[in-house]
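Me: I would like to go through this structure slowly, asking what lies behind the words used to describe it.

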Amino acid sequence: MAIIKPFKGIRPPQALIEQVASRPYDVLNSEEARKEAEGNEKSLYHIIKPEIDFPVGTDEHDEAVYQKAAENFAKFQKNGWLVQDEKEQYYVYAQTMNGCTQYGLVVCAYVDDYMKGNIKKHELTRRDKEEDRMKHVRINNANIEPVFFAYPDNAELDALVKKYTAQTPVYDFVAAHDGFGHQFWIIDNEADMARITELFAAMPSLYIADGHHRSAAAALVGAEKAQQNPNHTGKEEYNYFMAVCFPADQLTIIDYNRVVKDLNGLTDEEFLAKVAENFVVEEKGEAIYKPGQLHNFSLYLSGKWYSLTAKQGTYNDNDPIGVLDVTISSNLILDEILGIKDLRSDKRIDFVGGIRGLGELKQRVDSGEMRVALALYPVSMKQLIDIADTGNIMPPKTTWFEPKLRSGLVIHSLD
């Protein structure tokens, strides 16, 4: 069962939402955050990217930077830029991209569910990134940014959400940076809240879609606080962390592509000949070619696009990991031909979210920065859930969810 609860959200007044709300901390660098927050003292970047309040070049992991986050969080509350709701509530958060809207329930998920595996993951986390977010949660004593969960489709939950989204939203704006729409409603009816809690309790699992490091950090800090409290009862607020939960059928995973700096000493002809051992290679010319189906890849090399189709026998459709295009390309091209053994640490490879388009791959190769680009057909939600359910882990940089959750619409205090 998936245990959730409502919470007293800390939110901006309606008139300030567009000034406060920001992109998530991990989708932009310090310089980009500095630029986006320029002239806006109310931007959440002052809390989630507090290095922008220090001289350029300041280490974002300096203890003074974490301390500044807490100071700014307190300042925002003192100044009334963030205000805590008086009662526990659920919230609905809708995002609209390219005419499609997805509706998420903002809830508090249960730390023990994460620790016991009822909240399922599909990616490995890195301890250094976990520790960074843990420090941020500890010093603010809050989940400033939510994690992004998927749940099994449920018609009754859909109907409950629709009841509220038919009303006028509390927040309704289009983000200047990406042009995506964001809307927000409050669910405060006691019977509806109780029913939402019951419906989630009937679900065997929740699934982390995006935010594995934030999920790990939030849960680990909650568990840490439980250990440190001699009077721990299990009912404390730190036993929960904030998540936005979307029905799986509303979510779309987009492609996550690769660019590589060199051909591992090979000429174009030698490289393509080696690729042809495991793939049917078709030259497509100068026009951008996008993979059309599973096991079809797009390669850009020396001004030309190629279609690569994995040959039968190079993958196992009955293996939830082996069937993934990211596994096929990692094993048969990146590792076997280009000598890239560790996607997490090799400096010769970089990753480009499909939201940037395949033109970004072309540009990075044409500029000379990179030598070759590889575009993949996106993973499906069914594949993600199958992998999580079987206890498997996807290779690094497999999934890219868009739109990203906007930060600053609501915050969860651990007190």
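Reply: Let us begin with a term: contact means heavy atoms within 4.5 Å. This is a predicted model, in which local features need pLDDT of at least 70 and side-chain atom pairs count only at pLDDT 80 or more, while totals for chains, interfaces and linings use all residues. Residues are numbered from 1 along each chain as its sequence is written, and side-chain values use heavy atoms, with hydrogens and water left out.

Me: Which residues is Leu82 in contact with, leaving aside its neighbours within four places in sequence?
Reply: Among them are Ile10, Val20, Phe73 and Ile411.

Me: Why is Leu82 called buried?
Reply: Buried means under 20% relative accessible area (exposed is over 50%, partly exposed in between, with a 1.4 Å probe and protein chains only). Leu82 has a relative accessible area of 2%, so Leu82 is buried.

Me: Why does Gln95 count as buried?
Reply: Gln95 has 1% relative accessibility, and therefore counts as buried.

Me: What makes the approach of Gln95 to Gln102 a polar contact?
Reply: A polar contact is a pair of N or O atoms within 3.5 Å, where within protein one must be able to donate a hydrogen and the other to accept it, and residues adjacent in sequence count only if both atoms are side-chain atoms. The side chains of Gln95 and Gln102 make such a contact at 2.9 Å, and the side chain of Gln95 also makes one with the side chain of Tyr93, at 3.4 Å.
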